[in-house]
Amino acid sequence: MLSPQMKALRGSASIAGVATFGCGEATGYTEMEILARAAHAAVADAGLTMKDIDGLCTASVLSTMWPMPVVEYLGLNPTFIDGTMLGGSSFVAHLMPAMLALQAGQCNAVLVCYGSTQRTSTFGRAQVAQARRLMDPQPHETPYDPVQPLSAYALAASRHMAQYGTTRRQLAEVAVAARAWARLNPEAFERGPLSVDDVLASRMVSDPLTVRDCCLVTDGAGAFVLVRSDRARDLPRPPVAVLGTATAVWHRQISSMPDLTVTAASQSGRLAFEMAGLAPKDVDVVELYDAFTINTLLFLEDLGFCAKGAGGAFVEGGAISPGGRLPVNTNGGGLSCVHPGMYGIFTLIESVRQLRGEAGDRQVAGARTALAHANGGTLSSQSTALLGVADAV
């Protein structure tokens, strides 16, 4: 049960500017450089300058002290800093501390930013995985040398299939829907045709997941600016209010997950909906962290869009594709648009673009509310946000 003080935060802060940069391949750029390009663009989109930014939230896979070089590179002097690292959910999780800092008057404009060049960098994923074995040991799993994070998600998918009868064809529907949205998005990295049969026939990488059940490996940077809602109304772009947000963590290692078919999204979603005063039926656009196809099914269930175990049936027949019953991952998601190591910030950016009516051919008509949900680790951290246009507050 949320406290009255938490409920009072509903709508108190709004996203005033968003931007991306270097999505796909950012050859010749460093992570800091593409982060800075996205950050400057988001600040300009909000009608502000870097001198107006007095709050910073950021995180990195490669650096435990990442906020400090970001402050240095951008020339900031923030009075509020949050470098909490929860994997891909970090940037949605940053919403709550940023809202609290804004409400307390600790700062007036918070920049949330991320950048990664994991696709084109000479320091590749293999080196990152090796470093993580030493810096982030997982004692119950590392000795068995799993292909992480893939093995963990394959384990969850296998359990869901065994327990609920979910099929590989239903998983493939998720990838096909994401690609259908991506084909409407000029920024998406993969825009070629994709069928269910294509997914099923693609290379198996960790049973039951094929390469097309897995997210992209891309570069990319994203940023957004959060301000108090009363100030947002005076800025040039249509403000998008944060109606509710919450984060939950139940475990680190997949082997410590209480139930492989139930994620902490069931907690973060419930609290976010309670804060927002909304229910799943009130949401017009859904942006989910789809690192793997099983994620989308689990989150649709845990966030209340369908019953537990019914995710596979829910997505059949193009139900989450353009023209389906529920618009999900309208930019193409991590499966077809962009996935630079941590995808969470892009769920918020796409939500804002949809609610501002800026999504072009993929625009969901009349969208007034959106849910952005991000995942970190191996189904370990979950962060949910509900956003709305000004008259939805």
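The following legends describe close-up views of a predicted model. Local features require pLDDT of at least 70 and side-chain atom pairs pLDDT 80 or more, whereas totals for chains, interfaces and linings use all residues. Residues are numbered from 1 along each chain as its sequence is written, and side-chain values use heavy atoms, with hydrogens and water left out.

**View 1. The open sheet of nine strands.** The strand order is β3-β2-β4-β7-β1-β8-β11-β10-β9, with mixed pairing. Strands are DSSP runs of E with at least two residues, and helices are runs of H or I with at least four, numbered from the N terminus; two strands pair if DSSP finds at least two bridges between them. At the edges, β3 (80–82) and β9 (285–288) each pair on one side only.

**View 2. Pairing of β1 and β7.** Strand β1 (residues 13–24) and strand β7 (residues 219–228) run antiparallel, paired over nine bridges. Gly24 stands opposite Asp219 in β7.

**View 3. The aromatic pair of Phe91 and Tyr114.** The two rings are tilted, 5.0 Å centre to centre with 40° between the planes. Rings of Phe, Tyr and Trp (its six-membered ring) pair if their centres lie within 6.5 Å; planes under 30 degrees apart are stacked, over 60 edge-to-face, and the rest tilted. Phe91 belongs to helix α4 (residues 90–93) and Tyr114 to strand β4, 23 residues apart. Phe91 is buried at 0% relative accessibility, and Tyr114 is buried at 2% (buried means under 20% relative accessible area, exposed over 50%, partly exposed in between; 1.4 Å probe, protein chains only).

**View 4. The aromatic pair of Phe21 and Tyr29.** This pair is edge-to-face, with 5.3 Å between centres and 80° between the planes. Tyr29 is partly exposed, at 33% relative accessible area.
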